[in-house]
Structure formats: structure tokens, C-alpha cells
Amino acid sequence: MAETDRARADLHPASADLSPERLQALLAYSWDILSLLDGEGRLIYNSPAAQRLHGFSPGEMDGRSTFEFFHPEDAPRVGDVFQQCLAQPRQPLRAEYRYARKDGSWIWMEAVAVNLLDTPSIQAIVVNSRDITERVVAQQALRDSERFADRILNALRDNLTVLDGEGRILKVNRAWQDFAAANGMSADYPWEGVSYLEVCSHSTGLGADMAHAMAEGMKAVLLGELPEFALEYPCDSPVQRRWFQALVTPFPGHGPARLVVSHLDITNLRQAEENRLQLERQLQRSQKMESLGSLAGGVAHDMNNVLGSILGMASMHQELHPVDSPAQQAFSIIARACQRGGGLVRRLLDFARQDLTENKVVDLNILIQEEVQLLERTTLGLVQCTTELAPQLPFIRGDSSALVHAVMNLCLNAVDAMPEGGELRLRTRPGHRGWVELEVEDTGTGMPREVLERAMDPFFTTKPPDKGTGLGLSIVYSTVNAHQGTIELHSEPGQGTRVTLRFPSVDFPVVEEAPPPMGGPDETGRSMDVLLVDDDELIRATLGPVIRCLGHRVTLASSGEEALGLLAAGKVPQVLILDMNMPGLGGHGTLPLLRDRCPDLPVLLATGRVDQTALELARAYPGVTLIPKPFSMRDLKEHLDAVAAGPRFAR
């Protein structure tokens with residue numbers, strides 16, 4: 001190891017654990033894209049996230065110039081950055097641009113490029129890029145809001161007053177007269193020579209403290225101590241309270257006029273500013289959710305392997321020992337602890353969700369009715385639950401399990417907010433422009449503004465440590481976002497809370513075709529040759545004995561490439577257990593090659609994250625069954641028995 005590398009390892013001992021295999025696994029899971037380009041801008045390598053975001057397979061992109069995929073309006077600017085990168089080795093350069101997707105749409109990307117062409121071990125331009133579409137849309141919304149506020153201000157007729165050095169009125173314009181008349185002053189009031197502060201006290205309701213601050217500000221501008229002075233104050237008109245800004249500026253020249261005071265109606269501007277701050281909070285929440293979601297997903301993937309190893313061994317020894325023996329009870333406790341940990345991991349995966357594990361037509365009315373029946377049997381207690389379900393409600397498309405989980409979280413939060421009893425109301429209704437709305441409202445304690453602003457932040461909770469994790473509303477937010485929907489929270493202390501979810505509708509239900517089952521479970525007791533493919537040594541060391549304990553023969557492989565090599569050498573298993581997330585080909589790359597060689601071989605596709613990618617892969621090939629990690633020996637036995645009971649076993 002070179003001195004520099006040794007020093008770096010001493011400072012960061014964790015870096016020694018980042019093996020090439022682990023780095024490949026991290027790249028396979030990361031939502032950021034790592035790309036390598038040659039000096040002409042041609043793609044040498046794209047990490048797997050590129051296909052997830054853009055839709056192009058590696059084969060469709062290899063060797064092509066990356067400039068083919070840039071939006072025509074952005075390509076020249078990105079080209080300039082690329083030339084700068086070529087001219088400035090090792091200098092990180094940043095660019096934002098629109099990038100083509102396979103479906104013809106465009107996605108906003110942010111990239112940082114570093115020229116490492118002169119580095120022998122790399123010899124490429126390294127580009128790290130990520131999807132910033134949501135951020136760009138939010139930023140555009142912020143800009144639109146600010147432009148709207150500017151239009152409001154530019155459309156106002158300023159109320160102008162010209163004063164002498166003593167603060168007496170010399171002249172007012174028509175806008176000021178109309179303003180004063182609307183606030184109780186006579187239309188023919190003799191303005192000239194009258195004290196400006198006295199008039200303000202009558203026409204604007206300026207209080208003593210405000211009048212004193214105004215007098216001090218006028219004096220400071222008059223003496224040149226301040227270039228200008230601004231004061232905001234409320235004015236209660238007969239119709240409503242409005243806010244104004246008095247702006248004092250010096251009047252140039254040598255005549256009696258010394259000061260100009262303009263009164264601007266800033267009521268709409270204040271509201272626009274509040275809207276802008278709300279958009280900023282939404283942008284910050286979105287960025288935080290994106291970062292924490294990626295972290296949670298990565299942790300969950302590694303934890304599933306650890307839990308899977310423990311659960312496999314524990315469930316095997318649980319079956320081997322006599323019922324109710326101390327050893328059997330101990331292993332039963334360990335297995336239950338693993339299953340509980342698996343539940344927490346699934347919650348983390350729900351929080352990290354960027355897409356849907358299924359995409360089917362959903363009737364929200366039926367979903368709510370089933371949810372209420374469950375609540376009435378288990379949770380409500382002193383709380384009365386009522387429903388107002390719109391007849392002939394349009395359908396939506398999405399993941400019914402995720403939606404049930406989201407609604408359950410909202411209902412449990414509502415019940416917790418009503419310890420002495422109350423009313424929980426669930427409503428559905430058609431929204432504007434083809435949206436469907438679901439409203440969950442309670443009569444509970446409500447939330448103050450500072451809590452409401454953080455309610456959807458991950459791990460934020462006001463409940464005791466044993467009552468909540470702070471992930472409930474974060475999971476709801478992630479679920480709604482994955483369904484292309486929106487969420488609104490309204491709450492006041494003592495007034496309860498109302499949560500409104502909005503989803504895009506579909507016109508009519510579509511009949512979904514379920515993938516054909518591999519066959520029903522069958523206690524055959526027959527022995528099979530099993531090929532287990534998993535890159536995690538812990539999983540191989542655990543599942544090997546478990547499979548043998550079930551009466552089957554097992555061969556272990558640490559990668560898809562090794563498994564394909566065994567098949568090419570004549571190995572003929574009767575079932576293959578294939579891990580989805582591995583370095584190299586991984587499950588996604590191994591399965592098509594496996595089907596070319598063994599079209600009828602049953603495959604159990606093991607994954608710690610049953611997402612849309614895994615579901616689509618299983619549906620694309622016959623004889624493939626998903627088996628979520630972690631799984632017990634009993635779970636594995638049921639799947640292997642189903643294979644043994646099928647027609648393939650006769651081969």
C-alpha cells in the first residue's frame with residue numbers, strides 16, 4: 001500500500017471494508033448514476049441506476065455519445081462544460097440539463113464531472129449524476145410565486161404624500177385621497193399644511209408606538225442617517241384587515257419638499273411570501289426524504305441478509321428440537337425477534353419507496369370500507385368512526401397494500417390524538433380536473449404550527465419512545481408521492497386534524513392478468529438438487545444446512561456468473577434459488593441467460609426489496625417465484641414443496 005493510501009486508511013478505517021464486491025452492490029442499489037466517458041464523450045460505463053431512471057439498457061447506450069441524449073436547448077451549454085472539463089483535469093465541474101428517457105419524456109439531471117483521463121487506473125471522465133426533476137419543478141414554482149408577487153406590487157397605485165422638513169403635508173395624490181376616504185377621512189379634507197403623523201393616526205389607525213417609530217425614521221432620512229425608512233403596519237378597514245408598508249425616501253432638490261412617503265398595500269405580497277416559504281419547506285422536505293430514503297433502503301437491504309441468516313438457522317433448530325424443550329423455545333424466541341426485525345425493515349423499505357410494488361386499479365371506497373371493519377374490531381375503542389363515501393367514485397391506479405398502510409397510519413394517529421374519545425371521519429369525493437380525494441379527519445387535540453410544519457419529517461414524533469417511531473406520516477408522504485399524488489395537513493390546537501390525499505383517477509377498471517402460479521404446496525418429501533446462488537457468504541453458510549436439513553442436496557454459487565458456469569459444465573439442478581442483488585450480472589442479468597439455457601428450470605428469486613423491478617422481472621419469465629427476505633425454514637420448505645409437487649420434478 002502506498003503511503004498516501006495507508007494514511008487515508010488510518011484516517012478512515014471503514015474504507016478498508018469497501019471491497020469491489022460491496023462497491024458494486026452499492027452501485028447497483030444507488031439511485032445516483034455513475035458514468036465513465038472517454039475523451040469524445042462516448043459512454044464507457046453506466047451504473048444500474050441509469051436504466052432505472054432513463055429506461056435504456058446498457059446495450060442500448062454502450063459506445064454512444066452522451067450528447068445524443070441531451071435536450072437540444074441544453075446540449076451546447078453542456079458541451080461547453082465538457083470542453084472545460086477536458087481542459088481542466090481533476091477539477092470538478094457541475095451542470096444541470098434535461099436528459100432523454102426511453103419513453104420520449106425528459107428528466108432533469110444534475111451532474112458533477114471530473115477529468116481523470118490521465119489517471120492510469122481510470123482513464124475516463126467520471127460523471128456522478130442524479131434526478132433533480134422534482135427539485136427543478138419546485139424551484140420553478142417558487143419563481144412563479146415570486147413573479148406573481150411582483151405583478152401584484154406593480155399593479156398597485158401607490159398612495160403618495162409629499163412633506164416639508166417639518167413633516168407637514170405639501171401635496172397628496174388621488175390614490176392617497178381615495179385611501180383616506182375609504183378609512184373615514186372627508187373627501188374634501190384640507191391636506192396642505194396638516195401634520196402627516198396626525199393624518200396617519202386618523203386615516204390608517206397608526207398606533208402611538210408605530211407613530212413614534214415613523215417619526216424617528218422620517219428624522220433619520222431627513223438628516224441623511226438612513227437612505228430610506230420602511231414601516232409595515234396593519235389597517236382595519238370596514239371590510240377586512242389589510243397590511244401596508246410606509247416607505248420614506250428623500251425628495252431631491254432645494255425647494256420646500258424634503259420627503260416623499262408612499263403607502264403600498266402589501267396584504268397580497270405577505271400572502272405570496274407565506275406561500276413561497278411553504279414551497280421552500282416542501283422543497284426541503286422532498287430533498288430530505290430523497291436522501292434518507294436512499295439511506296434507509298441501503299440499510300434495509302443489508303439488514304435483510306443478516307436477519308435472513310439468523311432466521312434460517314433459528315427456524316431450522318426450532319424444527320429439530322422437541323416441542324416445548326428449552327432449546328426449541330429459545331430458537332422460537334430468536335425466530336420471532338428476526339420476524340419483528342423484518343417488519344421494521346419492511347417499514348424502512350416503505351419509507352424509502354420511490355416506486356410502487358404493484359400498479360393495479362384500486363377502488364378507494366372498498367379499501368376504506370375494509371379498513372374501517374378492521375379498525376372497529378381492533379383499534380377504535382372510545383372513538384366513533386363514520387364514513388362519507390362518494391357513490392360512483394372514479395378508480396385510481398396504484399399499490400393497494402401501500403395505500404392500506406398509509407390510511408392505517410393516518411387512522412392510528414387520529415385515534416392516538418383522541419385518548420378520551422372523539423370522532424374519526426373518512427370521506428371520499430371526486431376532485432377537480434380528474435383527481436380523487438380521500439380525507440381523514442379527527443376531533444382530537446390538534447397540532448400547533450411548529451409541530452405541523454415538521455409532522456412529515458422522518459423520525460419526528462411527539463409520542464413517547466414506546467409509542468411511535470416518527471415514520472408514520474413520512475411513509476404516508478412517500479406513498480402518496482409514489483402514486484403521483486399530493487397531501488395536505490390542516491390542524492389547530494384543540495380543533496382536530498384534517499389530512500387530504502389527492503390521487504389522479506383512471507376512467508375505468510382494467511382487468512389485471514396475474515402471473516401463473518408454479519403449483520400448489522405439496523408435502524411430497526421427495527429430495528431435489530438445489531443450486532443456491534447468493535453473493536453473501538453468511539446467507540450461503542446458513543441456507544446450505546437449512547436446505548440439507550429439509551432433505552435436499554445443495555450446491556452453492558457466489559455469483560450469477562459462477563452459477564452459469566456450473567450449468568455449462570453439466571450441472572443439472574431441479575430448482576435454483578437466485579439472489580436478486582449481487583455484483584456482476586446479479587439476478588437481473590443472470591435470469592435471462594439462465595432461461596436461454598434452461599427454459600423450464602424453476603427459479604426462486606430471493607430479494608430483500610420486492611419493488612416494481614423485481615415484480616416485472618418475475619412476470620417476464622415463466623416458472624419464477626419471488627421469495628422475500630428474510631424467510632424462515634418453513635417458508636423455504638413451502639416453496640420447495642411446491643416445486644417438488646410440480647411437473648418439472650418428473651424430469
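**Figure 1. Strand β3 and its pairing with strand β4.** In this predicted model, A95 lies opposite A111 of strand β4. Strand β3 covers residues 93-100 and runs antiparallel to β4, to which eight bridges join it. The two strands form a hairpin in which five residues lie between β3 and β4. G104, located in the turn, has a positive phi of about 95°.

**Figure 2. Strand β4 and its pairing with strand β5.** Strand β4 comprises residues 106-116, and eight of its eleven residues are buried, so the strand is largely enclosed by the rest of the structure. β4 also pairs with strand β5 (residues 124-131) in the antiparallel sense, over eight bridges. Within this pairing, A124 of β5 is the bridge partner of L116.

**Figure 3. The salt bridge between E110 and R94.** The closest N and O atoms of E110 and R94 are 2.7 Å apart, and the two residues form a salt bridge. This pair links distant parts of the chain, since E110 belongs to strand β4 and R94 to strand β3, 16 residues apart. E110 counts as buried because its relative accessibility is 16%, under the 20% limit. R94, by contrast, is partly exposed, with a relative accessible area of 48%.

**Figure 4. The salt bridge between D164 and R168.** Side chains of opposite charge can pair when their charged atoms come close. D164 and R168 form a salt bridge in which the closest N and O atoms are 3.2 Å apart. D164 is buried, with a relative accessible area of 11%, whereas R168 counts as partly exposed at 38% relative accessibility.

**Figure 5. The salt bridge between R276 and E273 in helix α10.** The side chains of R276 and E273 meet in a salt bridge with an N to O distance of 2.6 Å. Both residues belong to helix α10 (residues 267-320), and because they are three residues apart there, about one helical turn separates them. R276 has a relative accessible area of 17% and is therefore buried, the limit being under 20%. E273 is partly exposed, with a relative accessible area of 35%.

**Figure 6. A network of salt bridges.** Salt bridges with shared partners join E388, E423, R425, R427, R429, E437, E439, E441, E488, R498 and R502 into one network. The structure as a whole holds 26 salt bridges.

Key: Residues numbered from 1 in each chain as written. Predicted model: local features only at pLDDT ≥ 70, side-chain atom pairs only at ≥ 80, totals over all residues. Heavy atoms only, no water. Buried < 20%, exposed > 50% of the residue type's maximum accessible area, 1.4 Å probe, protein only. Helix = DSSP H or I, 4+ residues; strand = E, 2+ residues; numbered from the N terminus. Pairing = 2+ DSSP bridges. Salt bridge = Lys/Arg side-chain N within 4 Å of Asp/Glu carboxyl O.
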